[in-house]
Structure formats: C-alpha cells, structure tokens
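Have the model open while you read.

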Amino acid sequence: MYELRNFSEVLVKKALEEYIPKSNIPCKCERCQADIMAFALNRLPPRYYVSLKGEVITGFESQMVPDKARILAEVVSAAQIVSACLSHSIGDE
Ligand SMILES: [Zn+2]
C-alpha cells in the first residue's frame, strides 16, 4: 500500500529529461540514461518520503527543492562521465 520513494530520484529524472535533448552525449538510450541517473544519485543525498503506491508527486513536494542547481550540475557531470565511458558499444543496445 505504502512505498518509500527517493525524492532526489524524481528530481534527477526530471532534470535528465530536460537535459538529454540539449546534450551532445553520443548515446541517449535507456541504458545510458539509467547510468547517468545512477552516477548523479550516488553523489546526491537521498530524500526518502512515504507515498501511497502509484501516487503522483504533488505540487507541495515539488516545491521542496532547495538545490535544483546542484541536481542539474550533478546530472551534467554524470552525463560527461557516462559519455566518456559508455557501458556498451555504440550500436549494441
Ligand atoms: Zn547507450
């Protein structure tokens, strides 16, 4: 019924969705996007909250973002790390 969610993960995902279309990373597949999220999330503090299963994030929660700039910076640097060292070869998804 209830589940733990990491709000940092939600924010990183949003930042990544905004960043990916503008970025020039060599591969934008699901695998690479997941790699970028993992890198960024390992460098950000987790922010767990309890949510009803399937509940969509509310406006109130999305206001609790003291460090949006930092999140975007971590996404950008994670994207650079991942594109410098792709975890698969190009054309091999
Ligand atoms: Zn890829």
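The points below go from the overall layout to single residues.

1. First, the ground rules. This is a predicted model, where local features need pLDDT of at least 70 and side-chain atom pairs count only at pLDDT 80 or more, while totals for chains, interfaces and linings use all residues. Residues are numbered from 1 along each chain as its sequence is written.

2. The overall layout. The chain has four helices and two strands, in the order β-α-α-β-α-α from the N terminus. Helices (H or I, at least four residues) and strands (E, at least two) are DSSP runs, numbered from the N terminus. Of the 93 residues, 17% count as buried, where buried asks for 20 or more other C-beta atoms within 10 Å of a residue's own, exposed for 12 or fewer, and partly exposed falls in between, with C-beta atoms placed from the backbone.

3. Now the strands. S1 (residues 2-6) and S2 run antiparallel and are joined by five bridges; strands pair if DSSP finds at least two bridges between them. Look for Tyr2, which stands opposite Leu52 in S2. S2 (residues 48-52) has five residues and the number buried is zero, so this strand lies largely in the open.

4. How do H1 and H4 meet? Their axes come within 9 Å and cross at roughly 60°, the axes being lines fitted to C-alpha atoms over the stretch in contact, with angles from 0 to 180 degrees between N-to-C directions. H1 brings Leu11, Val12, Ala15, Leu16 and Tyr19 to the contact, and H4 brings Ile71, Leu72, Val75, Val76 and Ala79. Contact here has C-beta atoms, placed from the backbone, within 7 Å.

5. Helix H2 next. Its 13 residues (30-42) should span 18 Å at 1.5 Å a residue, and the end C-alpha atoms are 18 Å apart, which agrees; the expected span is 1.5 Å times one less than the number of residues. Cys32, Asp35, Ile36, Ala40 and Leu41 of H2 are buried. Among what covers them are H1 (7-19) and H4.

6. Finally, Leu86, in the segment after H4 (68-84). Is Leu86 buried or partly exposed? Leu86 is partly exposed, because 16 other C-beta atoms lie within 10 Å. Leaving out residues up to four places away in sequence, Leu86 touches Pro26, Cys27 and Cys32. The C-alpha atoms of Leu86 and Ile25 are separated by 9.9 Å, with the two residues 61 apart along the chain.

Technical notes:
Contact = placed C-beta atoms within 7 Å.
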